[in-house]
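Subject: Structure handover

Hi,

Here is the structure for you to look through. My notes on what turned up follow below it.

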Amino acid sequence: MDFKQIQELIKIVNKSNIGELSIEENDFKITIKQKVEKTQTIVSAPATVYAPPPTPVTPPVAPPSSAETAPATAAQKTENLITIKSPMIGTFYRRSSPDKPPFAEIGDEITPGKVVCIIEAMKLFNEIESEVSGTIVKILVDDASPVEYDQPLFLVEPA
């Protein structure tokens with residue numbers, strides 16, 4: 001392959017959408033790569049975006065106050081709570097249909113065997129029953145949102 005043929009190949013690659021071209025003939029090999037221009041892409045559908053990690057910021061040091069004991073007591077309150085977790089991957093629903101009341105609300109008393117939600121997986125609606133008795137303190141998942149296996153759904157204060 002002579003120099004003019006290589007120049008023609010470069011022109012063809014530059015005018016096209018080809019990112020890379022490799023040609024091998026006997027003991028001759030050539031690879032032509034197009035420069036990748038950095039462009040901003042606007043995506044209308046949800047996409048995973050990888051960004052550089054944020055730079056750490058050191059907070060100003062303040063003298064200890066009584067406000068710091070509040071998170072410690074809040075942590076102690078959540079330590080005795082039981083978590084109801086998702087037994088499968090699917091879509092979490094709080095009610096059996098839009099016109100029906102939710103299975104469980106904050107403050108509701110639950111017992112083992114009581115249905116607390118439904119998880120749809122592969123077009124099958126699976127009733128999730130409580131295995132503990134107590135009072136629902138917090139609902140951790142929004143209605144009609146996807147859940148993962150072992151994802152916390154409810155916090156229950158044991159009875």
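**A buried charge**

Glutamate 120 is buried but has no salt bridge; lysine 123, the nearest side chain of opposite charge, is 4.6 Å away. Buried here means under 20% relative accessible area, exposed means over 50%, and partly exposed lies in between (1.4 Å probe, protein chains only). A salt bridge needs a side-chain nitrogen of Lys or Arg within 4 Å of a carboxyl oxygen of Asp or Glu. For charge, Lys and Arg count as positive and Asp and Glu as negative; His and the chain ends are not counted.

Please keep in mind that this is a predicted model: local features need pLDDT of at least 70, side-chain atom pairs count only at pLDDT 80 or more, and totals for chains, interfaces and linings use all residues. Residues are numbered from 1 along each chain as its sequence is written, and side-chain values use heavy atoms, with hydrogens and water left out.

What does the side chain of glutamate 120 join in a polar contact? The partner is the side chain of tyrosine 93, at 3.4 Å. A polar contact is a pair of N or O atoms within 3.5 Å; within protein, one must be able to donate a hydrogen and the other to accept it, and residues adjacent in sequence count only if both atoms are side-chain atoms. Setting aside neighbours within four places in sequence, glutamate 120 touches Ile89, Gly90, Thr91, Tyr93 and Phe125. Contact means heavy atoms within 4.5 Å.

**The hairpin around it**

Glutamate 120 sits in strand β6. Strands (E, at least two residues) and helices (H or I, at least four) are DSSP runs, numbered from the N terminus. β6 (residues 115-121) pairs with β7 (residues 124-129) in the antiparallel sense, over 6 bridges. Two strands pair if DSSP finds at least two bridges between them. Cysteine 117 faces isoleucine 128 of β7 across the pair. The hairpin has 2 residues between its strands, and methionine 122 takes a positive phi near 55 degrees there.

**Other positive phi values**

Most residues other than glycine have a negative phi. Alanine 144 has a positive one, near 65 degrees. Alanine 144 lies in the loop between β8 and β9 and is partly exposed, at 47% relative accessibility. Aspartate 150 is also not a glycine, and has a positive phi of about 70 degrees. Its place is the loop between β9 and β10. Aspartate 150 is partly exposed at 39%.

**The salt bridge**

The structure holds 1 salt bridge. Glutamate 105 and arginine 94 form it, at 2.9 Å from N to O. Both lie in the loop between β4 and β5, so the pair ties together parts 11 residues apart in sequence. Arginine 94 is buried, at 16% relative accessibility. Glutamate 105 is partly exposed, at 32%.

An open sheet of 4 strands runs in the order β3-β10-β8-β5, with antiparallel pairing. β3 (82-85) and β5 (109-110) are at the edges with a single partner strand each, so one side of each has no neighbour in the sheet. β8 (residues 134-139) and β10 (residues 152-158) pair over 5 bridges. Lysine 138 has leucine 155 in β10 as its bridge partner.

The protein chain has 2 helices and 10 strands. Of its 159 residues, 22% are buried.

Best wishes
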